[in-house]
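Dear colleague,

Please find below the structure that I am handing over to you. My findings follow directly after it.

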Amino acid sequence: MDNKQIAQSLQEIGDILEIKGTDRFRVNAYHNASRSVLNYSRDLRDLVDEDPRLLEKIPGIGKNLGKHIDELVNTGACREFERIRTSIPPGLLDMLRVRGVGPKKVKLFFSELKIKDISALEQAAKDGILASLPGMGEKSQKEILEGIAEHSKFDLDRVMISEALMEAEKYIEHMRDCSEVKRIEYAGSLRRRQETCGDVDLLVGAKIVEKVMEHFVSYGDVMKVLAHGSTKSAVILESGIQVDLRVVDDEAFGAALHYFTGSKEHNIRVRDIAKKKGLKVNEYGVFKRASNKIIACKTEEDVFKAVGLKYIEPELREGLDEITAAKSSVKGAKGGLPRLIELKDLKCDLHMHSDWSDGKSSVKEMAENYRDVGLKYIAMCDHSSVMGVTGGLDIGKVQKQWKEIDKLNKKMRGFKILKGSEVDILKDGSLDFSDEILKELDIVVIAAHMYGRLPKAQQMKRLIAAIENPYSKILAHPSGRMINRRGPMDIDMVKIIDACKVNNVVMEINSNPLRLDLTDKHVRIAKDKGVKIAINSDGHDSNQHELLKYGIFVARRGWLTKNDVINTYDLDKLLKIWE
Ligand code: DGT
Ligand code: CA
Ligand code: CA
């Protein structure tokens, strides 16, 4: 269990206690402990290894909780937590996942109406009886129905790519300890960099299979072994993620890697192309149909070449038009395929927060850490004043921050901090700063954080008014969606893209793995319409430049080259965009 999972357990226990009506003090203790663990800089597993008593040094964790966490870390479960968890009907916990429903409401619904799960809640809302409960009303009843509709749309069996990637990398590290493993890669949707993954597919090239399979199922984070076979095995990890393993002869690794990377649609199209050439493709290689003679299998490059295609990057293998673009008959080294942008192409990050608003690090720490990974400049974009809850900056504070930035810029050589702001789009589409401030800012990132549920026509009018503001430079997280948590605003994204084109506004790929907004599909539409894209970390911590890779994944899935992304520009060129 990592810190995040431990924090989730603590949060959940706090929620259960709150539903049960346990005293405030105990409830708060769990919730505070959860936050504290989440923010703790060291891995609790290391702490427990060193000395479990060190747990008590974490703010909000005393002797008792320390013991529970120790047990959780060592055994993957805690008897006390299990006892609490089974003391309420399991459906009550599911209800907490509906937007707008917290522990207090679950308690209310259960105690007043004996509502035990989401379907009973939906029925009660439809029957109109929720509205009459104390503290409720027609409006909150309607919101709950909307929350349930939204919840049912999420595919909670899929995990965010960041989680899948982390689990895959740890597993691969474990697998490398097995001397039989000659080659190992992850394949499937993770390798294609899809925003969520149904499972993690690992592929190993080896000569002797049994030892590899033994090593696979004996991994410490395995919760359940689903299959333990001679070519295939599958497990569920503590985190709930399923991992499939295929072991193939390392001589045929390329063919297997291509097959298991998919997508299924891509594979089908490749097979069709091969068929027309009298060839057959499967996970073992490319064969001549007539003689069954193998002609390629060692590397993916060999496989593509054998069927008359240029190498197609995994991110493009969705069975769309990548095959047509990759035909060898198309001129140029890459034919009709784009030379996809890479992480190393980025020169700047244009959307991040410091401790002036809701970030955790100082402007200086942000600048130094982003500089140390090779960036040449950043735009500090703390929130504007409406975002009071996140410590949004009023005009006075903004001007004060400018002084700090000027000072830092004098000291930092070969690196520049731009003065920016993430300015809120107000309900009527106006921006949360006056023109006097806006015109002084180097970078104006506009974003909608509130009023996400306005009716479509009103929402469109609002966003387009903001895009038309002459000071708007970048539209941040354009849809507002959060993966598995909150759907996008009710808008016509293609029209928003058109408005950005007309008004010379750059659209952001927000790299936070929970957002990944714009989506790959809309990125490609924006590119085709000639709208420039920014890839930003939206970092709230000086190490969150690490998130940029997820933005790059989305950009690559949207067929973007270096030229399509403004973060690859030198500062002079960047500022000319909006001249
Ligand atoms: P996921 O797991 O839902 O996020 O998506 P994938 O693409 O990782 O799908 P998965 O794990 O079911 O299978 C991994 C790859 O194996 C898939 O992308 C292509 C290949 N594959 C699986 N089943 C078939 C199939 O029936 N036909 C073909 N041509 N390929 C398949
Ligand atoms: Ca998969
Ligand atoms: Ca799979």
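Ser-263 sits in the loop between α13 (253-261) and α14 (264-276); helices (H or I, at least four residues) and strands (E, at least two) are DSSP runs, numbered from the N terminus. The peptide bond that joins Gly-262 to Ser-263 is cis, with omega about -5°. Another cis bond runs from Asp-517 to Leu-518, where omega is near 5°. Leu-518 lies in the loop between β16 (506-510) and α22.

Please note that this is a predicted model, in which local features need pLDDT of at least 70 and side-chain atom pairs count only at pLDDT 80 or more, while totals for chains, interfaces and linings use all residues. Residues are numbered from 1 along each chain as its sequence is written, chains are lettered from A and ligands numbered from 1 in the order in which they are written, and side-chain values use heavy atoms, with hydrogens and water left out.

Two residues deserve a note on backbone geometry. Most residues other than glycine have a negative phi, and most peptide bonds are trans. Lys-114, in the loop between α7 (103-113) and α8 (118-126), has a positive phi near 55°. Lys-114 counts as exposed because its relative accessibility is 57% (buried means under 20% relative accessible area, exposed over 50%, partly exposed in between, with a 1.4 Å probe and protein chains only). Asn-484 is not a glycine either, and its phi is about 60°. This residue belongs to the loop between β15 (474-475) and α21 (493-502) and, at 25% relative accessibility, is partly exposed.

I turn next to the calcium ions. Donors are N, O and S atoms within 2.8 Å of the metal (3.2 Å for Na, K and Ca); water is not among the atoms, so sites may look incomplete. The calcium ion (ligand 2) is coordinated by Asp-199 (OD) and Asp-201 (OD) at 2.1 to 2.2 Å. Asp-199 bridges the two ions, which lie 3.7 Å apart. Asp-199 is buried, at 18% relative accessibility, and Asp-201 is buried with a relative accessible area of 18%.

Arg-183 is part of strand β2 (residues 183-186) and is partly exposed, at 34% relative accessibility. Beyond its neighbours within four places in sequence, Arg-183 is in contact (heavy atoms within 4.5 Å) with Leu-203, Val-204, Gly-205 and Phe-253.

Finally, the second largest pocket has a volume of about 1100 Å³. On a 1 Å grid over the protein atoms alone, a pocket is an open set of points where a 1.4 Å probe fits, with protein on both sides within 12 Å along at least five of seven lines; lining residues have an atom within 4 Å of a point. The volume is the space filled by probe spheres set on the points, which are joined across faces, edges and corners. Of the 41 lining residues, Arg-99, Glu-150, Arg-453, Gly-487 and Pro-488 lie nearest the centre of this pocket. The elements that give two or more residues to the lining are α9 (138-153) and α22 (520-528), and α9 gives the most, with 10 residues. The pocket lies between domain 1 (3-151) and domain 4 (343-576), because both give residues to its lining; the domain bounds come from an automatic or database domain assignment.

With kind regards
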